[in-house]
Amino acid sequence: MRVLLVEDAPRLREIVARRLREQGYATDATGTGADAVGRALATRYDAIVLDLRLPDMDGFDACARLRGSGCWTPILMLTARDGVADRVDGLDLGADDYMTKPFEFPELFARLRALVRRGQDARPATLTCGDLVIDPAAHRARRCGEGIDLTTKEFALLEYLARHRGAALSRDQLIEAVWDESYRGDSNLVDVYVRRLRDKIDRPFHRFSLETVRGIGYRLVDDATAVDPA
């Protein structure tokens, strides 16, 4: 497996790189965010160990640039910062794991193995469907640059539809995914929420992205491929 280590402290970078190589990882090491982004976009790595504090940009910015460029190599953030807010920011920007210094090498190796098993499937921090953008971390949705006010359940339903964009989802599937197991009501509740969503995400923008699939349920599609559900 090939790993990119990004650590600004030369001595620590040397130690971590050596221990990774002893474990059989082909390890490239750098001390700047710009070099790390360039290498990660030019070379296919199995994982990136990314320090948060770098001389030219912080790890948050480097992570955001990689994800924005379509690089989905698993990222383990390695930092002396242990605040909850820092961990949340890193994970919401697209990092896959977060480890604080000082750390034990066996744990670092175990976390890297777990990250590599996950693979490099796209895991965008925001979901898009045409000009509709959903930000799960911020719990916001916008269309054509305009914010859309959604209730918690409306947002949960829209997020699930967006994560399965283009797939026809039954009412039972949507109930199971969005409502908890204590719900024992009629699946027609989904129809009510779909109407509410259309009133907020489609009709004000003259869009038809939330489609009815007759005999099945609903699907969310890019507006370019959508038809008027009426």
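In which kind of crossing, left-handed or right-handed, does H2 pass H3? The crossing is right-handed, the near helix being turned clockwise from the far one by less than a right angle.

The model is predicted: local features need pLDDT of at least 70, side-chain atom pairs count only at pLDDT 80 or more, and totals for chains, interfaces and linings use all residues. Residues are numbered from 1 along each chain as its sequence is written, and side-chain values use heavy atoms, with hydrogens and water left out.

Helices (H or I, at least four residues) and strands (E, at least two) are DSSP runs numbered from the N terminus. Helix H2 covers residues 33-42 and helix H3 residues 59-68; their axes come within 10 Å and cross at roughly 25°. Axes here are lines fitted to C-alpha atoms, for helices over the stretch in contact, and angles run from 0 to 180 degrees between N-to-C directions. The two helices, H2 and H3, are therefore roughly parallel to each other, a label given to angles under 35 degrees. On the H2 side, Val37, Ala40 and Leu41 meet Ala62, Arg65 and Leu66 of H3, where contact means heavy atoms within 4.5 Å. The residues of this contact comprise five nonpolar, no polar and one charged; Ala, Val, Leu, Ile, Met, Phe, Trp, Tyr, Cys and Pro count as nonpolar, Asp, Glu, Lys and Arg as charged, and the others, Gly among them, as polar.

A sheet comes next. Three strands form an open, antiparallel sheet in the order E10-E12-E11, strands being paired if DSSP finds at least two bridges between them. E10 (169-170) and E11 stand at the edges with a single partner strand each, so one side of each has no neighbour in the sheet. Two bridges join E10 to E12, and serine 170 has glycine 217 in E12 as its bridge partner. Four bridges join E11 (residues 210-213) to E12 (residues 217-220), with leucine 210 opposite leucine 220. E11 and E12 form a hairpin with three residues between them, and glycine 215 in the turn has a positive phi of about 80°.

Helix H6 (residues 152-163) lies across E10, E11 and E12 and runs at about 70° to E12. Helix H8 (residues 189-202) also packs on the sheet, touching E11 and E12, and its direction makes about 145° with that of E11.

Definitions and conventions: Angles under 35 degrees count as roughly parallel, over 145 as roughly antiparallel, 65 to 115 as roughly perpendicular and the rest as oblique.
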